[in-house]
Amino acid sequence: MSEQVTPNNEELSNRFLSLKVPQDLAKFLGTPLGQLKHYARNASKYYLSFQIPKKSGGTRSILAPIQPLKSIQRRLAEAMLATHKPRLSARGYLRGHSILTNAAPHSRRRLVLNVDLQDFFLSITSGRVYGALVANPYNLPSSVARIITKLCCFNDSLPQGAPTSPIISNMICWRLDRDLERLAKRFRCTYTRYADDLTFSGNAASFHSDMIHSAGGKWVVGQHLEQSIRSNGFSVNPQKTRLAPKNTRQQVTGLVVNSHPNVDRRFVRQIRAMLHAWRKHGLHAAQAEYQKRYARHRKPGRGYPDFRRIILG
């Protein structure tokens, strides 16, 4: 029978940190040890893989766990969330934070620099996950850390779509956030991170060349910033490096921050037009018109989302 998990974060954290042997982990997760080891050995069999379109084009691969692995990962994620103490700059996948709290510190700034990490979840290997679990502040025994690592990884890296991947990525990025906070302080700018999106902003006339510089008509991440990222096991996606002065549209995690965090005006106009079509022509006609416009971007054989759910989203 599964143990009842207390909602008290401190108690949940203490229980997680006190795990000594695999039997303790099995009891904590409410799963017989034999079954837990089976899921750990055969975790790759408990995933569904599918593609979702990216706004920038192309597709993103999602690996979603199925039961019972999904329930086990959710329990582990709750314990890790209760235990992990993030840096102030971390804004993604955390209670009380959102794209809004990530964007707000960068509003009304002279310059906004966006840097994207390449293959974020794939860069977080099982070895790095295991290393984080056995190191401070978790200090879990190797036998326990190995099972947790196998339960949370797919083909030697974090699967994008698993309940545990967001919190583990924040655990792994603790040192990166610390280093970039120090770098930002040195160059008198503000830094936040939302998953793989790094944002720096400031009111100086320009960023130091160690942060960003122009090369061949493109903005290129500076040596010091790139070295800080690489030393923490990540790499820069050069296609998504952007420096925006205040006289251009400055965006942070999808929100425009020139004066205050707000959605793009084009998005507002699009939603207004969709609501007008629904009110004037009715739901079915609005749905049909949406499908006609959307058909160009829809893969053959895939159904259309419900118009009402799109508006609600």
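These legends describe close-up views of a predicted model.

**View 1. The four-stranded open sheet.**
Four strands form an open sheet in the order E4-E5-E3-E8, with antiparallel pairing. Strand E4 (190-194) and strand E8 (242-245) are the edge strands, and each of them pairs on one side only. Neighbouring strands of this sheet are turned by 15° against each other on average, direction ignored.

**View 2. Strand E5 and its two partners.**
Strand E5 covers residues 197-202. E5 pairs with E4 in the antiparallel sense over five bridges. Strand E3 (residues 111-116) also runs antiparallel to E5, and six bridges join these two strands. Tyr194 stands opposite Asp197 in E5. Leu111 has Gly202 in E5 as its bridge partner. E5 is mostly covered, with five of its six residues buried.

**View 3. The E4-E5 hairpin turn.**
E4 and E5 form a hairpin, and two residues lie between the strands. Ala195 sits in the turn and has a positive phi of about 60°. Asp197 in E5 faces Tyr194 across the pairing.

**View 4**
Strand E6 (residues 212-215) and strand E7 (residues 218-221) run antiparallel and are joined by four bridges. Val221 in E7 is the bridge partner of Ile212.

**View 4. The salt bridge between Asp177 and Arg193.**
Side chains of opposite charge can pair when their charged atoms come close. Here the side chains of Asp177 and Arg193 meet in a salt bridge, at 2.8 Å from N to O. The pair links distant parts of the chain, with Asp177 in helix H10 (residues 174-186) and Arg193 in strand E4, 16 residues apart. Are the two residues buried or exposed? Asp177 has a relative accessible area of 1%, so this residue is buried. Arg193 is buried as well, because its relative accessible area is 0%. The cut-off for buried is under 20%.

**View 5. The salt bridge between Arg178 and Asp179.**
The side chains of Arg178 and Asp179 meet in a salt bridge, at 3.0 Å from N to O. Asp179 has 17% relative accessibility and therefore counts as buried. By the rule used here, the count comes to four salt bridges. Among them are this pair and the pair of Asp177 and Arg193.

Arg230 forms a salt bridge with Glu226, and their closest N and O atoms are 3.3 Å apart. Both residues lie in helix H11 (residues 223-230). They are four residues apart, about one turn of the helix. Glu226 counts as partly exposed, because its relative accessibility is 27%.

**View 6. Arg188 in the loop between H10 and E4.**
Arg188 has its place in the loop between H10 and E4. Is this residue buried or exposed? Arg188 has 77% relative accessibility, so it counts as exposed. The cut-off for exposed is over 50%. The C-alpha atoms of Arg188 and Phe200 are separated by 10.0 Å. Along the chain, these two residues are 12 residues apart.

**View 7. A nonpolar surface patch.**
Leu48, Phe50 and Ile66 make a nonpolar surface patch of about 260 Å². Phe50 is found in strand E1 (residues 47-53). With a relative accessible area of 38%, Phe50 is partly exposed.

A search of the whole structure finds zero disulfides. A disulfide needs sulfur atoms within 2.5 Å. Cys152 is buried, with a relative accessible area of 0%. Cys153 is also buried, with a relative accessible area of 7%.

Terms used: Residues numbered from 1 in each chain as written. Predicted model: local features only at pLDDT ≥ 70, side-chain atom pairs only at ≥ 80, totals over all residues. Heavy atoms only, no water. Pairing = 2+ DSSP bridges. Axes fitted to C-alpha atoms, helices over the stretch in contact; angles between N-to-C directions. Buried < 20%, exposed > 50% of the residue type's maximum accessible area, 1.4 Å probe, protein only. Patch = residues over 30% accessible without salt bridge, like charges linked within 9 Å, V, L, I, M, F, W, Y side chains within 5 Å. Areas by Shrake-Rupley, 256 points an atom, 1.4 Å probe, with all protein chains shown as cover.
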